[in-house]
Structure formats: C-alpha cells, structure tokens
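Open the model in your viewer and get ready to select residues. We will go stop by stop.

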Amino acid sequence: MKRSRSQSSVGAPVSEYVRSKLSKTSPSSKVTSATHIADIPDALLAEIISRLSSNRFVFQCKCVSKRWHTLISESYFIGRFLGLQIDKQTPIIRTLISVQGEDLLSRLTPSSSSSSSRVLTPMFERLKSFHGLKEGPFVAGTYNDLVLCSDHKYFARSYYICNPHTLSWVALPPAPARSNEIAHVGFVCDVPYYNYEEGDKEGRHVVQLNAQYRCKVVRILPPSDEELTSDKFIIEVFSFETGEWRESLISCPRKLHHVMFDRFGFACNRRLYWSNHVEGRLLVLGLDLFNDNNITITSKDSSVDDECRFTVFDKPMDKHSIQCLGDQCGGRLHMYELDIVRRTLYVWELKEEDNQGDGKLCLSEHRVCSLDPEMYHNNAYPLIMASVDPNNKDVWYLRVNEDVVMCNIQTREWSIIAEKSEIIKSIYFFPYVLPWWPTPVPRLPQQRANQLARGEELAAS
C-alpha cells in the first residue's frame, strides 16, 4: 500500500516485536517475581497497558510517570491498542448533539438524567471560564470526536476546535469582522486520525495513523451588495497550515439565495455540503477544500484559487417537502426528504460525477417509506428534527406537535419516545463519535514551532 509521509502504519506481529525488544534488554532487566514495575521493559509494559478495556483508563496511566506518558503516546502503542479493540469488536459510540451541546439519544432515554445528556458540559465549562465567554459556547460543527464551538449562536467571530473526551482545545484567531450578518459555518477534515484494514492471512490488522491530518473551517458570508440572490459569495477559510483566515470570492454555477443556505455545512468525504432553496429548486452544493486541480473558485483579485471546488445537485423542489443532509454510517452522502402532505419519507443517495472538470451530484438510488396515519393526532404535520440515527440508518426522529417520534423506515414500526420534550426546540443536530482512540486537536503553526523548540532543548540537555 502506498502511504504519504504523514501516515504511519502499525501492523507487525506482536510476538516478533516484543521478542526483538526483550532480546535487547540487559540480563539485569529480566522480569522476575521480585521485579519492580519500573524495571519492566517498554515492550512488555506496552502489551500490559494496551489490554485495558477503554482508552479512558489508558489515558489515566499517562499520569503515572513521564516514561509511561511517552510510551502511551508512541505510534506503536496506539496501533497495538487499536488492533486489540478491533479484535474484540469493541462497539464505537455514536450519538447526535444539539447546538447547545445536548446529547439527543441520551436525552430520549427514559433512564438517563439531565446531566448525562449534557456530554459537552465539562468542555463548555472550561471554555467559558478560560476565555471569559458571556454566553455559550455553541456547537457549530463536528468531525468524528472533534467539535467546532463558537462564542455566539448566530454572530460568532471566535471559534474553538476541541475534543470533549480529552478536554483539550485550540482557539482559532478571531474571524475578520467584515460583516455583521449571519455567516454559514462548516468544519471538515481531509482524513480521520486513524483507519485500518481487515486482517491479512496471518490475522493481523494494519492500523494507519494520520498524525498530520488537515482540517479547515469555512464561513460563507452574504453578498457585498443588497441583492441576496447571487452567483458570487465571499467565503473565509481558516487553514491550520497557515494559521490564518483567507478570504476568497466563490463563483457558483447557479444563483443562490444567501438566507436559504443551511446554517451549518455537513461534512462527508473531505467535502462540506450545504443545501439551498431558490426559485422553487433545491440545490445541494459540495465544497472541496483539499483538491489541488480545481478552477471554479477565484480569489478577490480574480486570480485562480486551486484549493476549492463546488459540486452541485439541482432538482425541482416540492413546496410541501422538507430536506436535510446526512451520512448513513459509511461515508456516503444522503439527502432525506419528508413530504408533509403525502406523509412520505424519501432517502436519496447522492454521488459525484466529474465531467470535464464540472463536478455534479446525481441521484444514484432512493428508498420510499409511507408513514403510518396513526402516527398523527389532531391532523398534525410531522417535521424532521434530526438526521437519521447514527447507529441505525433505518431509524428517523420526527417531531409531531410536541412529541418526539422514532420511526423505522424499514419495518414501518414507530413509537413516541418523548412527550412534550424540550429537545424539540433544537433544529440542528450534529453526529458525534467516540472512537477507540481520541483525535488530538490540531496545532497552530506557532504551537508546532514551540513544541519543536522544546524538543530540541530537551535533546541538547
């Protein structure tokens, strides 16, 4: 397999690795019944710690000593721990969180408390205290276990990328204050922190660490003129390679209405997607910020910007339908459409076609489900209140009056899981994942330089 320099692969047989390490130890370091834990060779210690049942316990071991902290931070240990989680088929926790940081799935569980539904509360408290936030923070985007937070629900300028599992974060420089209008925000990474391949003939799993993954934050601003419908929009992109916000002018293939953009972009397969409604048509736009061979984005001085591209999906829109975007647990973009008059759910898979450089999204397949008439009472209309359940692609959550209804579009079974719940006040929900190993928050260029300088000082001493 061909891998870039930013990736490391860990898949050597454990017995071979441990044997090679132990053979290099001195006779005095051999393990006996009277051996102190500090005398255990690194390879054997790694094998012991990697068998802990959760990364939460592993991270607690980092506090034992500097040696343990360094050992647990090495790529071999991370790969070994992940390989064991794969072998044990440890489930990955997935849920949905609101703009206020509430856990939708925990909130809808009758036995859960109000505190357990606030999965981001410890992280929020630290951000609010450290940065002196008067309100919030608020969720503006997610990518696996990384969360983009902002200082204001609508008119944000300060953003923070954090990992609630490790209670770590990085504060971005404030966004340029060129507009007092609402910006449409998106957060995306080019690759996950790690991925793996299935076992080979010898039963080994190859774990690939992407330590230098890239992530970007995008803000779509309103047009500079008074017309809200335009084929040109200004975007601000923050890149961790430069540590700065960069402003560009987007030349879109269709005229769009700024107010009708989704407030938040949906991240899927290295791209950010927004839906837009204009003149009776539904447009789904995909922005690729990691492609180096594109020509449809121009900067303010009309020079070619090769970092971005828009792909577009265009279809007539039924005025009685509601749409939202989502990912069905496999990196595939889907559009969910609810016809509130016919009371029918549609699931469309969108795929990209590239024809002579003009990216287009097309419908590849769809599923249809008619809702049970008994689901409604007092002739109430159902409303989409969240995307599909991240653990089950067939489960939808709908809002009927003040109740939350869970509906399985495969079996057509449904049930009211929360009556008169306050959670229905939230419109936007973001997928949130607790993987086997937490993603480290990205570092700004100055932070990387400081870390390198400290490493050189330690090496010299």
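The tour below visits salt bridges, then a cavity. This is a predicted model, where local features need pLDDT of at least 70, side-chain atom pairs count only at pLDDT 80 or more, and totals for chains, interfaces and linings use all residues. Residues are numbered from 1 along each chain as its sequence is written, and side-chain values use heavy atoms, with hydrogens and water left out.

**Salt bridges**

Side chains of opposite charge can pair when their charged atoms come close. A salt bridge here is a side-chain nitrogen of Lys or Arg within 4 Å of a carboxyl oxygen of Asp or Glu. The whole structure holds eight.

Select Asp42 and Arg67. Their side chains form a salt bridge, 2.7 Å from N to O. Asp42 sits in helix H2 and Arg67 in helix H4, so the pair ties together parts 25 residues apart in sequence. Helices are DSSP runs of H or I, at least four residues; strands are runs of E, at least two; both are numbered from the N terminus.

Next, select Arg219 and Glu236. Their salt bridge also spans 2.7 Å, N to O. Arg219 is in strand S10 and Glu236 in strand S11, 17 residues apart. Are they buried or exposed? Arg219 is buried, at 4% relative accessible area, and Glu236 is buried at 0%. Buried means under 20%, exposed over 50%, partly exposed in between (1.4 Å probe, protein chains only).

Now pick Glu47, Arg51 and Arg80. Salt bridges link them in a network.

**Cavity**

Finally, select Tyr143, Cys189 and Thr439. They are among the residues lining the largest cavity. A cavity is a set of points on a 1 Å grid over the protein atoms alone where a 1.4 Å probe fits but cannot get out; lining residues have an atom within 4 Å of a point.

Methods
1 Å grid on protein atoms, 1.4 Å probe; cavity = no way out; pocket = protein on both sides within 12 Å on 5 of 7 lines; lining within 4 Å.
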